[in-house]
Every structure is written in structure tokens, then in C-alpha cells.
Amino acid sequence: MKARYLLLLICLSGFLVARAQSDHRISGDFRGMTFSQFVAAVEGQTNYRFYYKPAWTDSLSIQAQVQNKNISALLDEVFAGTDLNYAIDDNNTIYITRERKILTQLTPGFFEETKSVSRPAQSFDYSDYERREKQKKIAEAKLYNIGARTTNLQGNATVAGNIRNATSGEPVIGAVVFVENPTIGVTTDQFGYYALTLPKGRYEVKIKSVGMKGTQRLIMLYASGRLDIEMDEDVTPLKEVVVESDQDLRVSGVQMGMEKLDIKTMKQIPLALGETDIMKVVLTLPGVQSVGEGTVGLNIRGGAANQNLILFNDAVVYNPSHVFGFFSTFNPDVLKNVELYKSSIGAEYGGRLSAVLDVHSREGNTKKFSGSGGISPITGRFTVEGPIIKDKTSFVLGVRSTYSNWLMRRLNTRSLRNSKASFYDLTAQVTHKINDNNSVYLSAYTSEDEFKLNSDTLYKYTDQNASLKWKHVFNNKLYGVLTGSYSQYEFNISSERVPLNAFTMDFNIQQWSAKADLSYFPNSKHTVNAGINSTRYYLLPGDMKPYGTESQILPDKIDREHGRESAVYISDQYEINPKLSLYLGLRYSFYQYLGPRDVYVYGNGLPREKTNITDTVYYGSGKSIADYSGAEPRFSLRYSLSKNASLKLSYNRMRQYIQMLSNTTAIQPTDIWKLSDRHIRPQMGDQYSIGIYKNLKSGLIEMSLEGYYKTLQNTIDYKGGATLLLNHYIETDVLEAKGKAYGIEWMVKKSSGKLNGWVTYTYSRSFLKTESAFPSETVNKGKYYPSNFDKPHAVNFIGNYKFSRRFNFSLNLVYNTGRPITLPIAVYNVNGTPRVLYSDRNQYRIPDYFRSDISINIEGNHKVRKLAHSSWTFAVYNLTGRANAYSVFFVSQNNAIKGYKLSVFARPIPTITYNFKF
Amino acid sequence: MMKLIRLGFPFSFAMLLMAMGCVEPYNPPVVRQETNYLVADAYLSTNDGTVTVSLSRTQPLYATEIPPESGAVVTLEDDQGAVYPLQEQRSGQYSTQGVTVSATKKYRMHIRTSGKEDFFSEFVSVKTSPEIDNVYWLPESDGIFIYVDTHDPSNNSRYYKWSYTETWEYTSNFASIVKILEPGVIVPRPFEEYMYMCWRTVNSTGIFVGSSSKLQEDVIRQYPLIFIPKASWKLARKYSVLVKQQTLTEEAYNYWLQLEQTTERLGGLFDPMPSEITGNFYNATDPSQPVLGFFSGGTVVEKRMFVSFIELPRHLQETTRDFCVADSIKLEDIVNYGPGTLLIDSYGSPFVEGYLTSAGSCIDCRTKGGTTTKPSFWK
């Protein structure tokens with residue numbers, strides 16, 4: 001650095017005297033000279049003076065021999081292939097610099113103040129970016145020898161290693177590592193790990209990933225070995241032409257019905273409440289629905305919200321929402337990416353019928369400390385990350401909270417002023433790399449919500465989870481991950497207004513899980529995964545207690561529930577030939593509902609009602625009350641139709657042993673979870689799907705068309721007016737139902753370029769049917785009827801347009817058919833007041849839904865050395881102000897029946913968010 | 001109590017959304033589904049042994065008239081085989097008096113319609129209600145809440161249902177003390193024709209049920225019954241409410257609770273999905289046909305409460321006034337007005353120059369639905 005400034009000073013002083021450069025010709029044979037000898041020789045012939053740093057040049061061996069050439073030609077020859085540069089000024093002074101050439105002329109107009117905008121000083125500035133570019137070039141040109149050098153190049157060898165982000169040191173997930181001739185490729189797993197088995201020899205290994213700059217390595221593969229690769233983030237520098245990599249995973253992978261979104265994509269989508277919300281982004285994907293605005297329950301391909309497995313760093317999340325679903329529980333600043341599996345769900349996943357939403361947090365910058373945060377009208381968040389031990393241990397810590405209570409107290413409506421709604425959440429992750437073969441990951445999450453809505457009743461809920469992972473690489477072809485995780489969800493309802501009736505009620509569910517997973521790469525054609533796992537559930541379905549000394553409330557507690565769910569699985573991804581790939585997986589799950597508990601026995605051939613209980617059987621602690629087990633085959637196939645198109649098929653069976661009970665249209669935080677027991681059997685689902693994928697314009701545009709058919713068994717339905725909280729005979733209010741769902745999903749996606757985004761159209765149906773000999777145990781007379789989230793037509797458009805590096809515009813359009821509702825069909829009089837009689841369940845629909853949102857993102861300037869980078873986001877939610885029906889209801893008012901439509905966001909909602917990063 | 005736990009959350013959430021969002025009238029597409037179910041609403045009062053049954057049929061959603069079911073043969077039966085016939089008093093209204101009700105017996109209704117279909121209710125036992133301990137009000141920031149307390153030392157009541165009748169005293173803007181007898185003839189208004197002060201009486205229409213089944217003792221404390229916002233006409237001078245209480249069986253309680261949930265709730269995403277609510281009647285001729293309504297019996301106890309404007313805390317002492325302007329009619333023009341024109345009083349001093357008049361709604365309090373007859377209980 002010092003040398004550089006010194007040179008700068010020297011050359012600047014040199015400019016003060018301007019003289020014409022004389023044109024000396026040089027001849028001579030300099031071969032074999034050191035650089036200093038060469039300098040002496042040239043200075044002897046001419047009046048040139050060299051300024052150089054011997055440390056930079058002493059390794060240089062001159063190979064030049066010239067006849068009557070000018071100095072430039074000679075120096076060009078001397079420095080060819082090195083990173084040294086030279087500059088000659090008007091005093092015939094020659095400056096030798098490394099990497100960068102000194103400018104010996106000031107920019108024209110330097111002394112004319114009005115024109116001095118070109119900032120010549122900047123030309124001397126090395127940016128990190130340029131240094132990395134240089135390193136990258138060197139790394140790409142270098143030949144890496146893998147394994148001990150040998151002449152025997154028979155057979156195969158495996159090169160394996162981690163792919164990391166060069167800036168932050170975080171692993172790059174889902175990067176494609178491949179060689180082109182023959183075409184053999186793999187993708188990195190969740191740890192950024194890859195293992196590529198190739199016939200021994202020399203290769204150009206290419207590495208590509210979304211949002212990262214493609215890179216390559218020349219390798220000479222002698223034997224199995226390691227190659228860690230760093231990739232640069234694709235921060236498009238000014239005026240650089242970007243040639244996006246061929247991201248053809250969608251076409252070439254065996255996986256189907258899968259969407260992966262990284263946080264960068266998600267951050268571009270317009271926001272309703274000033275914050276990136278992954279659940280809302282997932283909702284824009286084809287096949288994903290919700291029952292209404294501001295609800296977080298995702299209905300994926302006709303499945304209920306509780307049929308989705310939501311994982312946060314491998315720990316199950318029971319309630320992914322804050323404030324009834326207006327916010328999701330995931331702090332956008334700590335997230336890395338989200339993977340959604342709608343079909344062809346891998347054998348390593350199980351326990352829910354519908355879909356898997358796998359959320360990963362970032363591992364933290366391993367190189368330097370940094371922080372980020374944001375302030376929106378309702379929430380504030382702050383995240384800090386950095387190395388604990390440089391390049392070995394890193395952490396991320398994010399916190400988020402709301403100041404909605406403060407806002408509500410300022411509102412002029414009584415119902416709002418007397419209300420309270422607040423939440424916070426904390427996310428932490430620590431990653432420690434013990435050595436090349438061992439890494440440990442610790443993740444923890446906790447959140448709390450509290451609300452009181454114009455009433456005396458206070459609702460609180462907390463969601464907590466933690467996971468600890470140890471990854472061990474046995475050898476290049478085999479690694480294993482040992483994971484322990486813990487999740488807990490708990491809610492509490494309390495009321496103190498009337499001391500006599502003061503109570504507190506608790507619900508709690510805990511699960512402890514342990515699993516071991518192995519990944520084995522025997523050769524380039526097979527990827528084998530196998531594992532074993534077990535989960536223990538502890539559930540407190542409801543415990544009501546008096547609060548305070550005056551309270552008359554009778555304690556009421558439902559017996560605790562216990563269960564154990566275990567599974568083993570094995571899967572193989574087999575590339576039969578470049579055209580045909582197969583995925584075969586088998587999972588076998590085993591579940592026990594355990595004592596201690598009293599179990600009611602209902603009379604045979606009688607409706608399941610309290611009055612038909614014939615016996616009560618007690619099971620001791622740890623005794624199995626009910627056992628269920630079954631195979632869960634998973635299969636998928638990819639056939640390449642051409643280089644840019646493929647056809648895929650898949651089938652999967654899932655089993656679910658724990659369910660949420662909710663007889664409201666949308667799930668709510670006070671819905672309870674229930675383990676499968678003797679009366680409520682585990683749910684089972686089968687899905688068949690087929691899809692065609694095509695890439696246009698060399699992968700710039702991805703098109704897909706997927707169709708599916710799904711059947712559900714033993715799914716849950718409810719009797720009219722069912723009571724689910726504190727019900728000792730819950731099985732008498734719950735019905736067993738069959739379900740079927742089918743649909744077609746079409747998507748066109750452009751993931752890069754100035755204009756990017758996606759358009760989707762989905763046609764989907766979803767039905768339920770209760771079967772029972774007793775009319776009291778059927779809904780709609782035992783016929784198939786549309787589920788709450790059966791919305792046949794859905795169209796989504798997400799578009800981003802980058803006007804410049806600092807200015808980004810996004811538009812979001814949503815259309816779907818209104819959800820089914822139960823309408824009144826008749827009116828009758830009771831006690832002189834009209835009452836309505838409702839139709840069969842879900843026979844009508846609310847009006848169609850349409851919304852448009854826009855957002856504008858303005859980044860601060862892009863100076864590299866700035867204290868903090870900031871950006872402003874201006875967004876308008878529901879730009880057209882369309883009053884979309886949230887619900888429709890009928891009330892008897894003043895002796896007449898009146899129908900009303902409630903819209904939540906009936907006006908355009910503008911928000912402004914300030915984000916910062918340092 | 002249960003009610004608070006089960007319903008507090010969805011109800012208030014819908015309220016919150018209503019405060020934030022926007023509610024518009026909505027008429028669903030015309031529903032073409034014919035229903036013609038019998039609706040039987042029956043009560044056996046043990047106070048005086050009266051049985052009242054009202055029979056009607058379900059009607060399309062926006063029907064204004066609900067035609068009664070006439071010509072049915074209605075009887076009350078007890079479990080000992082005694083039968084008490086009811087007479088049709090008005091169309092669709094059947095009743096009889098003087099039944100000697102025994103708490104040890106169970107009763108049911110039998111209805112044979114003119115269409116020769118037989119309907120029965122389940123046998124029910126009659127419940128005796130304990131006295132209402134207290135009906136009282138407490139101020140809120142923007143109105144008053146009226147609460148009811150009761151308890152049963154024998155712990156047998158447990159399920160309660162309330163209804164009420166509100167009466168309030170109010171005045172018109174201007175007191176008319178003269179009237180036009182015939183054009184040109186002005187006489188003082190006789191006191192019995194004064195229309196300045198009125199009393200309006202309205203019955204409750206909602207369903208109010210509560211239970212102490214989750215409590216050690218059979219106590220209902222501070223059951224919120226009525227909310228009156230400040231500046232309401234009801235509180236302008238004096239307000240009174242007569243609360244009626246009856247005790248229910250568990251089945252009856254569940255019926256009313258469900259009926260309340262499905263027909264009075266706001267149908268939001270956090271409310272239970274609506275369903276068909278049938279009571280304790282069944283169709284013996286065609287069991288697949290639903291019957292709506294409920295039969296129950298017991299005593300009804302009452303308690304009355306008064307609130308005066310001056311008792312209200314200062315922050316609630318606000319009244320609403322109509323926009324009323326007095327207009328003058330000059331003496332020479334008065335001959336052009338007949339008895340239909342309401343006069344307030346004369347003006348001019350010491351000699352009458354003319355008379356003041358105003359809009360009918362500013363002078364005649366009856367236009368707001370009350371009567372000028374003071375109720376006998378008023379104090």
C-alpha cells in the first residue's frame with residue numbers, strides 16, 4: 001500500500017513539468033538477465049530511468065532479444081505473462097507497478113474546475129472486487145492436481161469439497177458442478193458440499209449457481225481428492241455485460257414440483273406491511289393458496305395448512321405466523337433461502353401429507369463483522385453477523401419486534417385503543433468448522449406473540465425451536481449428518497376482568513427429534529441417501545386453571561398425550577443414461593401412541609357419541625395404546641426430450657401422525673394439535689404428478705407445466721358446531737374424511753436480466769367427503785364437497801424491472817376465484833327474531849379476488865467504502881383499492897336478515913421502509 | 001364462562017378487522033334451494049302453567065313475511081301419559097294455560113300439522129330459575145355496560161338464558177302547548193295530548209346464554225348483557241331495563257349457543273364454519289326432514305333496573321340533538337293552517353304577534369317510536 005502511494009506522489013510531481021517524450025530505439029539480447037541487470041542495460045543505452053520495487057521483480061527472468069525496437073515494445077515483451085505493468089512519463093521515467101498501470105497523464109480538463117468530474121484518483125483505487133476478479137482469473141487458469149501424481153489414469157476418482165461464497169464464506173447451496181464432455185454433473189447439498197465422480201483425467205470443471213458468478217477450475221484428476229471452491233456473488237458491476245449461466249436444473253434435475261427462492265428474489269417482491277415475508281412470496285407460486293388475506297396457512301395442492309412440514313434449519317415450526325398471519329415468523333434478514341417441495345418429496349422428509357417448506361438461515365459472514373436492519377411503519381429488525389474465529393466459526397443473530405401497541409394506543413377507535421398486539425422473535429445460528437471433515441451447526445429460534453382484542457381476554461403464544469447438526473465427511477464419497485432438534489409451541493389464554501371468572505388456560509406441544517443421514521456417491525451415476533430418525537412428542541391438549549384467590553373456576557385438564565414416530569429411509573438417484581434419470585426412495589414409518597392415559601371405548605355399530613361409551617381402559621405409562629406403521633414409496637423419473645426440454649413423472653406416498661384441529665376457515669394461533677390415537681387414525685396421502693419443462697433462450701426463460709392428482713385418506717373433518725378446546729371426548733366431534741385434489745400448474749419464469757419475474761396460472765380443485773353409516777357423522781350427506789381452499793383459477797404475476805443499479809420497480813398481480821362459503825338459504829323465526837338456515841357446507845363462493853401491488857426500491861450510492869449502505873422501499877399494497885371480500889356474513893338486525901362483506905385492505909396501503917447494512 | 005373461552009377470540013378479532021377494514025352490504029347471488037321446514041318455537045312456563053307454541057315455515061332469504069303454520073293440532077304431553085291440548089289463539093300461535101307443572105315430570109310437544117305430518121319434541125324436564133341477584137351498569141370510556149349477576153346455592157341451574165325489555169324516556173325538541181283546533185282557532189293543548197315526553201319500549205332480539213359449568217359454584221358474575229354508547233337516545237333522560245332469566249338444560253344451552261354462534265357471529269375466517277342447527281324436534285312421519293326450533297320449560301324470573309342521565313359520570317353526559325329550527329307564522333297567516341300543523345307556542349309580547357312551528361319530528365316525540373303513555377312501572 002505504501003509503495004503505491006509513494007509511486008502516486010512521484011508520478012504526480014512528475015506531471016508538473018511537461019516535456020515531449022523522446023523516441024529511443026533499443027537493441028540487445030537480454031536473455032537470462034535478472035530484472036535489475038536488464039534495467040542497468042537499458043539505462044545504459046538510453047536516458048530512461050526505472051523506478052521499481054525489487055521485491056516485485058526479482059523473480060523475473062528476462063527472455064527478450066530485440067533489434068531496434070522502442071521501449072514500449074521491449075517492455076511489453078518483458079512483462080508479457082506477468083502481472084507487472086509499466087508507465088512512461090514525459091521525463092522518460094519508467095514506473096513499474098504490479099497489477100495496475102500508473103496514469104502518467106492527467107485527465108484532460110483536470111485543472112478546469114467545472115470539468116473535473118472524472119475523478120482520476122479513483123483510477124488508482126483497487127477495489128476488493130477487482131482483486132477478487134484477479135484472483136478468480138488466476139484460480140481459473142491454474143491447473144489443480146487432484147490426488148498424487150501418477151501415470152495410471154485407469155478407472156474413476158472422486159473430487160469433492162465445499163463451495164463457498166468468497167465474500168462471506170457461507171456455503172453455496174444448489175450450485176451445479178459439472179464437466180461438459182462427458183456431461184456429468186452434481187449439485188451441492190445444503191452444506192454446499194459436492195462430490196463428483198469422473199474417469200481420471202484432465203477436466204474443466206464448471207460451477208454455476210443462481211445469484212453467483214459462474215466459475216471454473218482446471219483439474220487433473222489422478223486420484224480421489226478435495227477441491228474447495230469459492231464463488232463470487234453476482235453483484236453486477238457497472239457497464240459489465242452479464243452472461244447468465246445456464247441454470248438448467250429445472251429441466252435436467254429429477255426433482256419436480258419444487259421451487260427454490262433465495263432471499264434476494266424475495267426481497268424484490270412488493271410488501272404489504274413493510275417487510276419481506278417468505279410466506280407471502282411462497283403464496284405467489286403456482287399451486288399454493290390461502291383462505292384469505294392476512295392468513296398464513298398455506299394450502300398446497302389441495303392440502304390443509306397443517307399438512308405442510310415447515311422446517312427451520314431442520315427443526316419443525318408449528319406456527320409460522322405473527323399477529324394472525326399478517327407477518328410470518330421468519331426474520332428476512334437472517335434467511336438464506338426457502339425450498340418448497342410440492343411433489344416428488346425426497347424420502348428423507350416425512351410426517352406431513354402435503355408439502356415441505358424447508359427454510360434455511362444464513363451461516364454468517366466468516367470473514368468480517370457486518371450488520372443489517374430495517375424500519376417499517378409496524379416493525380423494526382436488526383441483524384448482526386460475523387466471525388467468532390475467522391474462517392472457522394461464524395454467527396448470525398437477528399431480532400425483530402413491533403411497536404404496534406404504541407400505534408394502537410394512538411388510534412381513535414375504541415376497539416383498537418383497547419386492543420394490544422405485539423410480538424418479537426430472535427434467531428441465532430452458530431457455525432463452526434472443526435476441520436475439513438467436520439462441521440457443527442447450532443441454530444435457535446424463539447418468538448412470542450401477545451394480543452388482546454377489545455376484550456378482557458389475553459392471548460399469548462410462543463414458538464421455539466433449536467437444532468444441532470454435526471456433519472462428518474468420512475471420505476470423498478461418503479458423508480453423514482447427525483441432527484438433534486427440539487420444537488415447542490405453546491399458547492395461553494387468560495382473563496382477569498371478573499375475579500370470580502379469572503382463569504388461565506395452557507396448551508403445549510413439544511417434540512424431540514434425532515436423526516442420522518448418510519449421503520453416498522458411489523459413482524457419477526448414483527447418489528444414495530439413507531437415514532434413520534425418531535421423534536418423541538409430548539402434548540398438553542388443554543389445562544384450565546383458576547387465576548387468583550377469588551376465582552371459582554374449576555380446574556380442567558385433558559390428559560397429556562405421548563407419541564413416538566420413527567422412520568428409516570433409503571433412496572437412490574440413478575442416472576441411467578444422459579436421457580433418463582430415476583429417483584427411487586422408500587421410507588418406512590412407525591408410530592406409537594403411548595400411555596399413561598384413559599381411553600374410551602365406544603359401542604360397536606353405534607355413532608361415536610358420549611352416550612355410547614361402553615368402557616374406559618387405562619394404559620400405564622409408556623404402554624402402547626395404538627400402533628401404526630407403513631411404507632412410503634417415493635419415485636420420480638426424468639426423461640430428456642432434447643437439450644432444453646424434459647418430461648418428468650413422480651409418485652409419492654406420505655403419512656401424517658399429528659394434526660392440527662381447526663374448524664374455523666383459517667387456522668388461528670389457538671388451534672390445538674392432536675396426535676393420532678386409537679380413534680383418530682393417521683392420515684395418508686398419495687400423489688401422482690407429471691410435468692413438462694422447457695428452457696428457452698438458453699435457459700433465460702424457463703417454462704413448466706405440471707399436473708397432479710392426489711388422494712387423501714383419514715383426513716380430518718368436523719361436525720357442525722364442534723368444540724375442540726378442552727373437549728375430553730374430542731373424537732366425538734372429529735370426523736374421518738377422504739379427500740381428493742387435482743390440478744394443472746403452468747409457469748413461465750425469467751430469473752435474470754433487467755426484467756425478471758414469473759407468471760403462473762393454476763387450475764386446481766380440492767374436495768372432501770365424510771363416510772359414515774350415521775347421518776350425524778357426515779357432512780353434506782356424505783357427498784364430496786369443496787374444501788375451504790378450493791379456488792379453481794389462480795393467476796399470479798411477479799415482475800421486477802431494474803431501471804438502474806439503484807432503482808428497481810416491482811409489480812405484483814394476483815387473481816383467484818373466491819373461496820367457497822356456506823350461504824344462508826332460508827330464514828325462519830325464533831322468539832320473534834329471524835334466524836338464517838345455512839346450506840350444505842361450502843356450496844357457494846365469495847366474489848373473486850384481485851389485487852395489484854407495486855414497490856419501488858431505491859438504493860443508496862454504491863461507494864465501496866461507506867459506513868453503511870441503505871435503501872428505501874416505497875410500496876403500495878392493493879394499488880387499485882379493490883375491496884376484496886375477506887368474508888361474507890349474515891346477521892339478524894332489527895328483525896331483518898342483512899348480508900355484509902368484510903374487506904381487510906379495502907384501500908391502497910402505502911408503506912415506506914428503511915433498510916440498512918454495514 | 002365457556003363462552004368467553006371459546007368465542008372471545010374470533011369474535012373480537014372480527015371486531016378488530018371491522019375497525020381496520022371496511023364493511024359493505026352484500027347480497028349474494030340468488031340462492032335457488034327450496035326449503036319448507038317446520039319451525040316450532042315452544043316454551044312451557046311454570047310460573048303460571050302457560051304453554052306457548054308458535055309454528056311457522058322456513059322462507060326464502062329475503063322474504064319479508066313469515067307465514068304462520070295454521071290449523072295444526074298441538075298438544076303437550078307428560079311422561080305419565082297426560083295430554084293437554086293447545087288452542088290456536090292467533091294464526092300460528094298456539095297456547096293453553098293452567099297446566100299444573102311438576103318438576104319431577106318430563107314433558108314433550110306433539111304437533112300434527114294440517115298436512116297430517118306428526119312432529120314430536122324430545123321429553124324435557126322443567127328447570128326452576130334462581131332469582132337474579134343484581135342488574136347493574138358500569139361506565140366504560142364511551143358508554144355503559146349493563147351486567148347481570150345470579151347464583152344458585154343448590155348448584156343445579158348452571159345454564160342460563162337471558163332476554164330483556166328496554167324502556168327509555170325521551171323528549172322532543174320543542175314542547176307544543178297550543179294546537180290548531182280548526183283554521184284560525186288556536187286553543188291550549190290539553191295535557192293528555194302533550195307529545196313532548198315519550199317512552200319507548202323494545203324487546204331484545206339477540207340470544208344471551210351463559211354457563212357456570214366450569215365453576216366450582218353455580219355463580220354468574222358480571223355477565224355483559226347490553227352496551228349503550230354515550231349520547232344514545234336511550235340515556236338522554238332515563239333508561240330502564242327489565243331482565244328476564246330462565247334456567248336451561250345442557251341440551252337447550254348448547255342449542256341456543258350454537259344458534260347464536262351461527263346466526264349472530266360475523267362469519268369471519270376465525271369463526272366456526274356455519275352449519276345447520278336443528279333443535280329437539282323430529283319429524284315422526286318422515287325422519288329425513290329436518291325440523292327447526294326448540295322446546296323447553298321452566299320458570300322465568302325478572303329484575304328491573306333504572307339509569308338516569310344525571311347518574312352518569314361526567315364524560316358520558318352527552319346528548320344527541322336533532323337539527324331543529326323553529327319557524328314563525330304571522331298572526332295574519334295563521335288562518336291558512338289546519339290542525340295538521342303543529343304549533344309550539346305564541347310569540348310576541350305583550351301582544352301575540354304569531355306562532356312558532358317546526359318539523360313534526362321536532363315536536364312530536366312519537367315519531368321516534370315511543371308512546372306518550374307513561375309505563376306503570378316508571379318512577
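Trainee: In which order do the three strands of the open sheet with mixed pairing in chain A stand?
Mentor: This is a predicted model, in which local features need pLDDT of at least 70, side-chain atom pairs count only at pLDDT 80 or more, and totals for chains, interfaces and linings use all residues. Residues are numbered from 1 along each chain as its sequence is written, while chains are lettered from A and ligands numbered from 1 in the order in which they are written. Strands (E, at least two residues) and helices (H or I, at least four) are DSSP runs numbered from the N terminus, and two strands pair if DSSP finds at least two bridges between them. For this sheet of chain A, the order is S2-S5-S4.

Trainee: Which are the edge strands there, and what is the average twist from one strand to the next?
Mentor: Strand S2 (49-51) and strand S4 (84-88) of chain A are the edges, each pairing on one side only. With axes as lines fitted to C-alpha atoms (for helices, over the stretch in contact) and angles taken from 0 to 180 degrees between N-to-C directions, the twist averages 25°.

Trainee: Which residue of S5(A) is the bridge partner of A:Asn85?
Mentor: S4(A) pairs with strand S5 (residues 93-98) of chain A through five bridges in the antiparallel sense. Within that pairing, the partner of A:Asn85 is A:Thr97.

Trainee: What does UniProt list for residues 48-99 of chain A, and how far apart are the end C-alpha atoms?
Mentor: The unreviewed UniProt entry lists "domain: Secretin/TonB short N-terminal" there; its positions are given in the numbering used here, feature names are shortened, and annotations may be inferred rather than shown by experiment. The stretch is 25% helix and 38% strand, and its end C-alpha atoms are separated by 22 Å.

Trainee: Is A:Leu700 buried, partly exposed or exposed?
Mentor: A:Leu700 sits in the loop between strand S42 (683-696) and strand S43 (701-718) of chain A. A residue is buried with 20 or more other C-beta atoms within 10 Å of its own, exposed with 12 or fewer, and partly exposed in between, with C-beta atoms placed from the backbone. Because A:Leu700 has 16 other C-beta atoms within 10 Å, this residue is partly exposed.

Trainee: Turning to chain B, which residue of S22(B) stands opposite B:Leu44?
Mentor: Strand S2 (residues 38-45) of chain B runs parallel to S22(B), joined by four bridges. In S22 (residues 295-298), B:Phe295 and B:Gly297 point one way and B:Ser296 and B:Gly298 the other, and all are buried. In a regular strand, side chains alternate between the two faces of the sheet. Opposite B:Leu44 stands B:Gly297.

Trainee: How far apart are the end C-alpha atoms of helix H2 (residues 250-264) of chain B?
Mentor: The expected span of a helix is 1.5 Å times one less than its number of residues, so the 15 residues of H2(B) should span 21 Å. The buried residues of H2(B) include B:Tyr253, B:Trp256 and B:Leu259.

Trainee: Why do S24 and S25 of chain B each have one side left without a neighbour, and what is the twist?
Mentor: The open sheet has the order S24-S26-S25 (chain B) with antiparallel pairing. Strand S24 (327-330) and strand S25 (343-347) stand at the edges with a single partner strand each, so one side of each lacks a neighbour in the sheet. From one strand to the next, the twist averages 30°.
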